[in-house]
Amino acid sequence: MIEQVEILCDEICYNQIWRLFRMPLTLEEKDWFENQIQKYDTKGELIQLDNSSNLIKYTHSMPSDESLIKIQNPEEYVHALFLCLLCSPQYGYKVEKMYHEQHFKRGSSGAKDDETDYLLYDEENLPYALIEIKPYDLYKNARVEERAIR
């Protein structure tokens, strides 16, 4: 499982994409993301791109603690492409076994929530993979690496 996720990350995590988290997309970059999303989701069952209103719409088959309709921005393009890759025949994850942007309570009732980008469930509906997508430069920050190891 870990190796599959690392391989999947290698497909979309090269420096050019990760730097986009903090910068607006050029028209060429936006077209690249949209072409890749359409390549992996040919029927538009997972993602709908609404360029007239600048929105990305996620499938209602996948639960989320946040809205399934998001403004098109670099981070959402990466999330959408990641979902399409996970559900591609190469990896074969079922969208019904995923949770997008799940919030977790920790500590007392006044404590902040934690959130993960994707939580994957196994066939018995038990969580088995928690995925947090971060820009490359932030990931390489030692404090983030230390927290990720825990």
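Which residue takes a positive phi near 60° in the hairpin of strand 5 and strand 6? It is asparagine 125, and the hairpin has five residues between its strands. The structure is a predicted model, in which local features need pLDDT of at least 70 and side-chain atom pairs count only at pLDDT 80 or more, whereas totals for chains, interfaces and linings use all residues. Residues are numbered from 1 along each chain as its sequence is written, and side-chain values use heavy atoms, with hydrogens and water left out.

**Overall architecture**

- The chain contains six helices and six strands; these are DSSP runs numbered from the N terminus, with helices being H or I of at least four residues and strands being E of at least two.
- Along the sequence, the elements follow the pattern α-α-α-β-β-β-α-β-β-β-α-α.
- Of the 150 residues in the chain, 40% are buried (buried means under 20% relative accessible area, exposed over 50%, and partly exposed in between, with a 1.4 Å probe and protein chains only).
- Among contacts with a separation of 6 or more, 49% join residues 24 or more positions apart; a contact means heavy atoms within 4.5 Å.
- The accessible surface comes to about 9,300 Å², and carbon and sulfur atoms hold 50% of that area (Shrake-Rupley method with a 1.4 Å probe; for residues, only the protein chains shown count as cover).

- Three strands form an open sheet in the order 4-5-6, with antiparallel pairing; two strands pair if DSSP finds at least two bridges between them.
- Strand 4 and strand 6 (127-131) are the edge strands, each pairing on one side only.
- From one strand to the next, the twist averages 45° (axes are lines fitted to C-alpha atoms, for helices over the stretch in contact, and angles run from 0 to 180 degrees between N-to-C directions).
- Seven bridges join strand 4 to strand 5 (residues 113-121) in the antiparallel sense, and histidine 100 stands opposite tyrosine 118 in strand 5.
- Four bridges join strand 5 to strand 6, also in the antiparallel sense, and leucine 119 stands opposite leucine 130 in strand 6.

**The nonpolar core**

- The largest nonpolar core has 27 residues, of which Ile47, Tyr58, Leu83, Met98 and Tyr118 touch the most other members (such a core is a set of buried Ala, Val, Leu, Ile, Met, Phe, Trp, Tyr and Cys residues joined through side-chain atoms within 4.5 Å).
- Two or more residues each come from helix 3 (27-40), strand 2 (55-58), helix 4 (74-86), strand 5 and strand 6.
- Helix 4 supplies the largest share of this core, nine residues.
- Beyond four places in sequence, methionine 98 touches Met62, Pro63, Leu83, Leu86, Cys87, Tyr93, Leu119 and Leu120.

**Two polar residues**

- Glutamine 102 lies in strand 4 (residues 98-105) and counts as buried because its relative accessibility is 12%.
- The side chain of glutamine 102 makes a polar contact with that of tyrosine 121 at 3.4 Å; such a contact is a pair of N or O atoms within 3.5 Å, where within protein one must be able to donate a hydrogen and the other to accept it, and residues adjacent in sequence count only if both atoms are side-chain atoms.
- Glutamate 66 belongs to the loop between strand 2 and strand 3 (69-71), and counts as partly exposed because its relative accessibility is 26%.
- Not counting residues up to four places away in sequence, glutamate 66 touches Glu101, His103 and Glu115.
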